[in-house]
Amino acid sequence: ATTAPRIPSTRLALHHFDATYSLQLKDLWPSVRAGLLCEQKYGALLNNFSAVDHVAQELELLNATDFVSEAPKKAPRSQWGAAAEAAGRGESRAQEGSGEGRTVMQAEMTTQVEMSPPLRASISSNIKCYTFPRGDITRFRPARPDALGLLDYYLMDAASLLPVLALNVQPDEFVLDLCAAPGGKTLALLQTGVCGHLAANDISVSRTKRLYHILHSYVPKEIRETVSVTSCDGRDWEQLEGGTFHKVLVDVPCTTDRHSVMEEDNNIFHRRRTKERQMLPMLQLQLLMAGILAAKPGGEVVYSTCSLSPLQNEYVIE
């Protein structure tokens, strides 16, 4: 007797996306598909806590630019969010391990699409993330420590910053990152320099250890003391600290589209994970509801995924 050859999970994922996203995106799908499968690129999130002032100049000499400050100059306000996300799809999974670009939705009883002028003003002076131009596959050097041992930048998918920018944290606000590991967005939230208190939670103990490692590698002790790290099921957060936070980031587990077409390891399209994948929208909805209940009255919640699937994005919000 012979057994049928096992179809790689990456091939199953790409077949699934070909069947679904081609109907959703129509003529745009071939270029988006190429973006999913393209050469991996990094964005370099500058560490404002590091005492290495020359890093930005060094990166600019390499023809890298800060996409956070440059994007509003290149597009009208109403197009900025879409343009940044489209550019993010060209970026790839790096340290953050997230995916091809995030779908970001702001749940404030209504979904906000545009970024307001105060948002653009508040983020541009603090968060800086350098990327190389489209078509340039130059790789950033590994991060280096300063005299105090803090690394000068964090390599991540530039699109993973979009949820943080959309959250628009204001001075002294209490912020919850409900699904925080491995920690890139938590670090980006700290780069704003304005969080009154930051709670970073992830259900996975092993992933939370990675979060601790990132905090110790990039953040001085006095700032780390303003961060509480927990390993709880985010769906139960209301029982811990309901109605507490001004801003809540709900960056949910999803099909991680780029990872699914590029990596066999921990691939959600593996046949033994079929039921888990089918249940993702329900898990995402439960996490979003927990995030809403964790927010103060009048607070704001940003929901994000690294998937193009409407089932995991618009339908969850609606």
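Leaving aside its neighbours within four places in sequence, with which residues is L161 in contact? L161 is in contact (heavy atoms within 4.5 Å) with L45, F67, V68, I127, C129, M156 and A188. The structure is a predicted model, in which local features need pLDDT of at least 70, side-chain atom pairs count only at pLDDT 80 or more, and totals for chains, interfaces and linings use all residues. Residues are numbered from 1 along each chain as its sequence is written, and side-chain values use heavy atoms, with hydrogens and water left out.

**Nonpolar cores**

- A nonpolar core is a set of buried Ala, Val, Leu, Ile, Met, Phe, Trp, Tyr and Cys residues joined through side-chain atoms within 4.5 Å, where buried means under 20% relative accessible area (1.4 Å probe, protein chains only).
- The largest such core has 35 residues, and L45, L161 and L189 have the most contacts inside it.
- Elements giving two or more residues to this core include α4 (67-74), β6 (153-156), α8 and β9 (227-230); helices (H or I, at least four residues) and strands (E, at least two) are DSSP runs, numbered from the N terminus.
- The most is given by α7, with five residues.
- Another core, of 17 residues, lies apart from it and has L178, C179, A290 and Y303 among its members.

**Backbone features in loops**

- A cis peptide bond, with omega of about 10 degrees, joins A181 and P182; P182 is in the loop between β7 (173-177) and α8 (184-191).
- T256, a residue other than glycine, has a positive phi near 40 degrees and is found in the loop between β10 (245-251) and α12 (257-262).
- N266 likewise has a positive phi, near 55 degrees, in the loop between α12 and α13 (274-278).
- N266 is exposed (over 50% relative accessible area), at 58%.
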